[in-house]
Amino acid sequence: MPKIGGVNRVILFATMVPLDSSSGGTIVCREHLRSIAATAMAETHVYAPAGRGQGDGRDFPTAVGAVFHPLELVPPSADFLGMPAITRHPFSMERQAAENWLVDRRFCEIAEEIRPDVIIIDYLFTALFIPSAFYCDAPVVIITLNREREFYRDQRKLGRVPPQARDSLLAEWRLGRFENEVHAKSDRIVVLCPHDTPRHRQQAARTEVIEPMLQEHARKWRPTGSANIFFVGNISHYPNFAAVRWLCQSLAPALASCAPWVRLTIIGADTAEVPQTWLQPNVDLLGRSTAEEVLQHFTGCGIFIAPIENSFGSKIKILEALAHATPLLATAQALTGVPGAAGIPLFRLDDPRGAAELVASLLHSPERLAALSQRMEEIRTSNLSRTRSAWPSLIEEVASAPAVSRRFRPWSGLRPRRAPTACGPVVEVGASSYHWIHSEGLGSLEQLNGRPLRWTAESASLTLLLDPAKPPRWLRVLTWDIAPEGETRLQVFANDSPVLEGWVVGGRPVERVVRLPPLRGCGELTLRFSTPGFRIAGDDRVLGVALESVRVGRSWFRMKAYPLALHYWNTHQPFQRFGRRLGLLPR
């Protein structure tokens, strides 16, 4: 792509982290993008989810001068017929990435259109969704937020493994192998603190430490004489879980004995979701909160405390305290992502009594708190300019050098996502949207009597990818017996050729197996459902027909025998045990 209009570099920034301000990970991702988009003579494109949290993720890229391309994720599926066949020991987000194969396909289209000079992947697990980035000619920069294998190990120890991941040593080992492969295939590795530098010598040589830093906030901390200690952190994130546990079980009793006038306020944990042993008379658990309430506590508390026990990455709550110039005391591990943090009071987690006495002495001295607030502002200012200048120089250096040579093994975790084709004996395409390229007029999947139900509009369609050499030959349509008074007419077209016509009558569902037109050589199949449409009282939608199942396949016999086989599978105990062993049915 020729560079025009004074643009020397085209940057493609990709992340599966929403660009809103709903969490620490999203905030640091926004700051990375802010610094990258500030690169002179460069055009930045962003491929990311829009987000649904505080701060619209669609507006932020535009505000910093970048072009936004939405990354659309489908919700996780529980239907074993539509699930991709991946390992029984998945690690974090692996199953979600396998289901969202369209994300990688869309990434390839964007890369082909803009021809980036540099591809920047924010967050290690984003590489699961867009492995094709490593097959482009452009150099790849990976931003890692943690030492992910060690992070996963700690999650397993606390019993807080992410959803859809397996609590097993094999899953942890597979994650470590994937992490090492991403580092080895990247031209540069950006870490948020020196502790996250890879141990491999060649990977360490390609690593750049860029500690993020937030812009100055308009609302600053002001001394109010408050005897309140503040902490914020959602306990679903395991470092925050460990921090809240220490605050409630260790610091609170120590404060009660040496400084009973001090109160501890925690946002991110509710009394209903913590053990009874965590409930203390001098602790206020406020649960989830709004951004405005968090801001009020940052600017009006007596002091902010960060009892973090791990040294992974950068702690966003520390960066927020710096942005507000809020007085802070922390563990040494909490400050790993903040260079030049001398002057911030430190405490040890194995000495809660010492921490309580330190808190009491600081709250008794307004002069020390004011001096500490001033020191927080000095640390933020000195680090911000260095962070802002680090990204443009890194991008120029990477873009000017040739991309690293990449060789991929057959078992590589970075194989490009293949679009699943609707081929095989029987493939469910009605109750499962896994094989869809696009659709129109189809409602969301519902349940009725434990079986799937999906409404169509008057005219609805879905498009599938096919294997041109082995296309399906047969179509099976099963509807629910839900119809307006009398009956409704249903027509089904395959690539605009009529293949089925029938009447849906109340009390009598339609179940038909019909021959598809010749599809050899066709790469796609579009099924279109046409009905007159009707309305149900209390529902604003115009409804067509209620589909229970739509299946395509190459074998007429298996298409006819499939419902019987599925019935035995779901009702007979030996089949259920076999399905659970294969991971196809829930345990």
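Which residue stands opposite V10 in β2? In the predicted model examined here, that residue is E43. The pair belongs to the contact between strand β1, which covers residues 9–15, and strand β2, which covers residues 42–48; these two strands run in the parallel sense and are joined over 6 bridges.

Of the 7 residues of β2, 5 are buried, so the strand is largely enclosed by the rest of the structure. Strands of a sheet pair through backbone hydrogen bonds, in either a parallel or an antiparallel arrangement.

These strands are part of an open sheet of 7 strands, in which the order is β3-β2-β1-β4-β5-β6-β7 and the pairing is parallel. From one strand to the next, the twist averages 20°.

A second open sheet is made up of 5 strands in the order β10-β9-β8-β11-β12, with parallel pairing. Its edge strands are β10 (283–285) and β12 (328–330), and each of them pairs on one side only. Direction ignored, neighbouring strands of this sheet are turned by 25° against each other on average. Within the sheet, strand β8 (residues 228–232) runs parallel to strand β9 (residues 263–267), and 5 bridges join the two. One of the residues involved is N228, whose bridge partner in β9 is R263. Helix α10, formed by residues 291–300, packs on this sheet and touches β8, β9 and β11 (303–306). The direction of α10 makes about 140° with that of β8.

S186 is found in the loop that lies between α7 (169–185) and β6 (188–191). The relative accessible area of S186 is 0%, and the residue is therefore classed as buried, a class that requires a value under 20%. When neighbours within four places in sequence are left aside, S186 is in contact with F134, V140, I142, R206 and V404.

With regard to cysteines, the count of disulfides comes to 0. C108 takes part in no disulfide: the nearest cysteine sulfur, which belongs to C136, is 6.4 Å away, whereas a disulfide requires sulfur atoms within 2.5 Å. C108 is partly exposed, with a relative accessible area of 36%. C522 is likewise partly exposed, and its relative accessible area is 26%.

The structure holds 1 cavity of 30 Å³ or more. About 40 Å³ of space lies in the largest cavity. Its lining consists of E31, H32, S35, I210, P212, M213, T387, R388 and W391. The elements that give two or more residues to this lining are helices α1 (24–37) and α13 (366–400).

Definitions and conventions:
Residues are numbered from 1 along each chain as its sequence is written. This is a predicted model: local features need pLDDT of at least 70, side-chain atom pairs count only at pLDDT 80 or more; totals for chains, interfaces and linings use all residues. Side-chain values use heavy atoms; hydrogens and water are left out. Two strands pair if DSSP finds at least two bridges between them. Helices (H or I, at least four residues) and strands (E, at least two) are DSSP runs, numbered from the N terminus. Axes are lines fitted to C-alpha atoms, for helices over the stretch in contact, and angles run from 0 to 180 degrees between N-to-C directions. Buried means under 20% relative accessible area, exposed over 50%, partly exposed in between (1.4 Å probe, protein chains only). Contact means heavy atoms within 4.5 Å. On a 1 Å grid over the protein atoms alone, a cavity is a set of points where a 1.4 Å probe fits but cannot get out, and a pocket is an open set with protein on both sides within 12 Å along at least five of seven lines; lining residues have an atom within 4 Å of a point. Grid points are joined across faces, edges and corners, and a volume is the space filled by probe spheres set on the points.
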